Amino acid sequence: MNIFVFFGALNACISVALGAFGAHGLKGIMDQKYLDIWETGVRYEMYHALGLIAIGILSGTLKSSALLSWSGWLMLIGIVLFSGSLYVLSLTKISVLGAITPIGGVAFLASWILLAIAAVKWM
């Protein structure tokens with residue numbers, strides 16, 4: 001599914017841009033606590049952008065399956081919820097947004113589990 005390669009590449013680009021913005025644009029303006037939260041969002045966005053690219057490549061080279069498709073969509077949802085909530089939390093300091101972050105984390109976990117199940121099926 002080339003859509004996952006596209007979304008992976010797009011999120012990798014966004015991650016680099018937001019990482020640079022955090023390191024250069026927010027340093028000195030934002031408390032270190034919130035810069036660390038921002039950096040966590042950037043780091044997890046990049047990890048999962050690479051995961052999306054891998055899912056896209058696997059979908060193209062191996063028999064595509066619903067497991068891979070669900071894995072990719074859950075990974076994308078996880079990026080939006082996990083990293084997105086950390087970015088907004090860092091900028092607004094609205095702590096209730098931290099309650100959204102674990103939902104994104106669960107989406108990440110489910111995505112990786114589905115990818116592992118798909119791998120076992122191909123063995």
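How many residues apart are Glu39 and Arg43 in helix 2? They are 4 residues apart, so about one helical turn separates them.

## About the model

This is a predicted model, in which local features need pLDDT of at least 70, side-chain atom pairs count only at pLDDT 80 or more, and totals for chains, interfaces and linings use all residues. Residues are numbered from 1 along each chain as its sequence is written, and side-chain values use heavy atoms, with hydrogens and water left out.

## The salt bridge

Let's stay with that pair. The side chains of Glu39 and Arg43 meet in a salt bridge at 3.4 Å, N to O; the term asks for a side-chain nitrogen of Lys or Arg within 4 Å of a carboxyl oxygen of Asp or Glu. A search of the whole structure finds 1 salt bridge.

Glu39 is partly exposed because its relative accessibility is 45%, and Arg43 is partly exposed at 32%. Here buried means under 20% relative accessible area, exposed over 50%, and partly exposed in between, with a 1.4 Å probe and protein chains only. Helices are DSSP runs of H or I with at least four residues, numbered from the N terminus.

## The largest pocket

Glu39 also belongs to the lining of the largest pocket, along with residues including Trp38, Lys27 and Gly19. This pocket has a volume of about 180 Å³, meaning the space filled by probe spheres set on grid points joined across faces, edges and corners. On a 1 Å grid over the protein atoms alone, a pocket is an open set of points where a 1.4 Å probe fits, with protein on both sides within 12 Å along at least five of seven lines; lining residues have an atom within 4 Å of a point.

Helix 1 (2–25) and helix 2 (32–61) each supply at least two lining residues, and helix 2 gives the most, with 6.

## The nonpolar core

The largest nonpolar core has 22 residues, of which Leu52 and Ile55 touch the most other members. Such a core joins buried Ala, Val, Leu, Ile, Met, Phe, Trp, Tyr and Cys residues through side-chain atoms within 4.5 Å. Helix 2, helix 3 (66–92) and helix 4 each give two or more residues to this core, and the largest share, 8 residues, comes from helix 3.

Leaving out residues up to four places away in sequence, Ile55 touches Phe4, Leu68, Ser71, Gly72, Met75, Ser111 and Leu115, where contact means heavy atoms within 4.5 Å.

## Thr101

Thr101 lies in helix 4 (residues 101–122) and is buried because its relative accessibility is 10%. Beyond neighbours within four places in sequence, Thr101 contacts Leu81, Phe82, Ser85 and Leu86.
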